[in-house]
Amino acid sequence: PDNVRVSYGTAGFRGNASGMEYVFFRMGMLAALRSKLKEAAIGVMVTASHNPEHDNGVKLIDPQGEMLAQSWESLATALANVTNDQLIEQLKQIIDSQKIPLSNTSFTISVHIGLTVHGPSSLSLSRAVLDGASAFGATCHDHGLLTTPQLHYILACYNGGDIKVDEEHYYQNYASAFKALLNVVSLFTSPVTVDCANGVGAAKLTKLAERIGANIIDIVVYNDGQSGKLNENCGADYVKVQQRAPAGLNMEPFHRYASFDGDADRLIYYTLDSDCNFILLDGDKIAALFATYIRDNLKKASINLRLGIIQTAYANGNSTNFLINQQNIEIACTPTGVKYLHEKALTFDIGVYFEANGHGTVSFSLFYLKRLQKGESGSHDNSQISKLKLFLDIINQTVGDAMCDLLAVEAILQDKNWSVKEWYRIYTELPNRQAKVQVADRRIIETGDAERKVILPSMLQPAIDELVRKYPSGRSFVRPSGTEDVVRVYAEANTQENADDLAQQVSLAVYNIGGGV
Ligand SMILES: CC(=O)N[C@H]1[C@@H](OP(=O)(O)O)O[C@H](CO)[C@@H](O)[C@@H]1O
Ligand SMILES: [Mg+2]
């Protein structure tokens with residue numbers, strides 16, 4: 001369409017589903033070209049993740065199950081934005097610039113596709129992807145409904161040589177890993193209630209729980225899509241941003257509750273304290289739990305490795321303080337978007353990365369695996385080492401995976417004999433608030449220092465600094481969203497009232513200086 005520009009944002013193309021077929025069709029083509037170049041299968045996921053039901057989105061998955069290489073994002077954007085009569089020329093340009101050996105027929109192009117919603121728009125959009133890929137002669141593997149992390153997992157296995165891999169393989173793998181770990185740790189007592197955002201996660205989690213067995217883990221699925229709408233007043237994003245339970249959920253103090261987002265790549269926990277205050281255990285707290293658990297076990301096994309936690313500017317200030325000052329764990333900060341965190345995580349022997357919103361996982365280097373093996377044959381404590389190995393097996397290293405992360409949290413709490421209370425008490429969050437501001441063109445806002453400072457418009461950062469100074473423990477930053485047409489504002493301070501106030505003042509500054517509408 002004229003005057004419509006789309007871009008491969010924080011996590012692919014996303015927007016209102018109607019009229020987006022051309023983008024999906026072209027992404028099918030691009031996936032086929034990338035498969036040809038890499039001589040490996042490429043994945044295409046059709047999902048709007050945590051967005052409302054009327055939206056949809058598409059993202060590409062690289063051969064090892066990782067996000068599409070950043071160097072190809074601009075190719076995706078260019079291809080999506082040309083007019084139909086420029087399409088062939090644009091494809092030729094990509095083929096030439098990337099030296100894609102189209103005439104080499106020794107490798108069959110292979111594209112795997114999954115989707116998170118079975119509605120008419122999703123089906124026609126995934127059809128468009130298949131048509132685009134087929135136009136380049138791709139062999140297409142249509143997996144139907146999957147969570148996003150399941151497709152990442154399947155792709156990594158497929159390219160690793162297991163060409164028969166399917167969804168069932170995923171359940172068997174993680175169910176047996178979880179059971180193996182629980183043989184080392186103890187048995188389960190209390191249930192965990194999981195809000196699946198009325199999305200694909202409900203059916204998938206039910207299957208995983210069945211494979212594990214009700215005697216081992218007691219998962220109560222809430223918001224399974226039977227009545228409510230996808231991501232409406234529920235799901236990980238709602239709970240995190242609103243700092244309240246999904247609508248209609250009756251909570252009891254100290255019970256464990258969790259929420260997935262619509263494509264089940266985000267996980268957050270929450271509970272009530274004895275005064276019925278809502279307590280959130282977000283991505284920062286999951287990261288802290290994982291990292292301290294791994295670190296403690298490494299210590300007991302006398303293995304010395306470089307462990308790091310990767311956060312974004314959205315990480316709560318007190319989580320950063322706790323990790324650096326009390327736990328002595330190395331921290332890195334990257335811009336928003338899992339691809340940046342993932343990349344940074346790989347620079348550590350063990351990289352624990354989470355966005356505050358609950359998207360994250362752990363990456364283990366080959367060096368780590370070798371050290372575990374060496375530790376096993378040496379004089380180290382074998383029980384710690386086998387525990388570390390089993391823990392590694394329940395992690396989906398390709399991408400943040402709500403189901404695997406849930407199993408990992410549950411296993412750690414069991415092993416430590418912790419209730420949710422001991423977990424949330426490791427540190428207390430600074431009160432915080434997120435807000436959104438509509439501006440005429442959010443691209444005029446440029447940021448630096450991992451998005452913690454505004455560079456342009458030049459008057460904005462001094463204005464934010466001045467406001468922040470007024471609030472004890474104040475911190476605030478703004479950045480243009482990569483998935484919505486808004487500028488996001490984050491603020492934290494010593495009290496909720498101050499955090500709310502600061503967020504509002506900074507929003508006003510963005511509105512005034514950034515061309516609010
Ligand atoms: C504050 C926030 O949660 N931002 C989210 C959101 O990106 P934005 O660029 O902020 O719209 O969606 C991304 C994709 O899911 C996720 O990676 C990111 O963390
Ligand atoms: Mg998601």
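The protein chain is divided into domain 1 (13-165), domain 2 (169-280), domain 3 (283-424) and domain 4 (432-513), with the bounds coming from an automatic or database domain assignment. This is a predicted model, in which local features need pLDDT of at least 70 and side-chain atom pairs count only at pLDDT 80 or more, while totals for chains, interfaces and linings use all residues. Residues are numbered from 1 along each chain as its sequence is written, and chains are lettered from A and ligands numbered from 1 in the order in which they are written. Helices (H or I, at least four residues) and strands (E, at least two) are DSSP runs numbered from the N terminus, and two strands pair if DSSP finds at least two bridges between them.

**The sheet of E1 to E5**

- An open sheet with mixed pairing is formed by five strands in the order E1-E3-E2-E4-E5.
- Strand E1 (13-16) and strand E5 (139-145) each have a single partner strand and stand at the edges, so one side of each is left without a neighbour in the sheet.
- On average, neighbouring strands of this sheet are turned by 15° against each other, direction ignored, where axes are lines fitted to C-alpha atoms (for helices over the stretch in contact) and angles run from 0 to 180 degrees between N-to-C directions.
- Strand E4 (residues 110-115) runs parallel to E5 and is joined to E5 by five bridges, and Val-111 stands opposite Cys-140 in E5.
- Helix H1 (residues 21-38) lies across E1, strand E2 (42-46), strand E3 (55-61) and E4, and runs at about 10° to E3.
- Helix H5 (residues 148-159) also packs on the sheet, where H5 touches E2, E3, E4 and E5, and the direction of H5 makes about 160° with that of E4.

**The sheet of E6 to E10**

- Five strands in the order E7-E6-E8-E9-E10 form an open sheet, again with mixed pairing.
- The edges are taken by strand E7 (219-222) and E10, each with a single partner strand, so one side of each is left without a neighbour in the sheet.
- Neighbouring strands here are turned by 25° against each other on average, direction ignored.
- Four bridges pair E6 with E8 in the parallel sense, and Thr-193 has Tyr-257 in E8 as its bridge partner.
- Strand E9 (residues 267-272) and strand E10 (residues 278-281) pair in the antiparallel sense over four bridges, with Leu-280 in E10 as the bridge partner of Tyr-270.
- The hairpin of E9 and E10 has five residues between the strands, and Cys-276 in this hairpin takes a positive phi near 65°.

**Where domain 2 meets domain 3**

- The C-alpha centres of domain 2 and domain 3 lie 20 Å apart.
- Contact, which requires C-beta atoms placed from the backbone to lie within 7 Å, links 32 residues of domain 2 with 29 residues of domain 3.
- The largest share of the side of domain 2 that touches domain 3 comes from H6, with seven residues.

**The surroundings of ligand 1**

- Ligand 1 is surrounded by 15 residues, of which the closest are Thr-10, Ala-11, Ser-481, Gly-482 and Thr-483; a residue is near a molecule if its C-beta atom, placed from the backbone, lies within 6 Å of it.
- Domain 3 and domain 4 both give residues to the shell around ligand 1, so the ligand lies between them.

Definitions and conventions: Contact = placed C-beta atoms within 7 Å.
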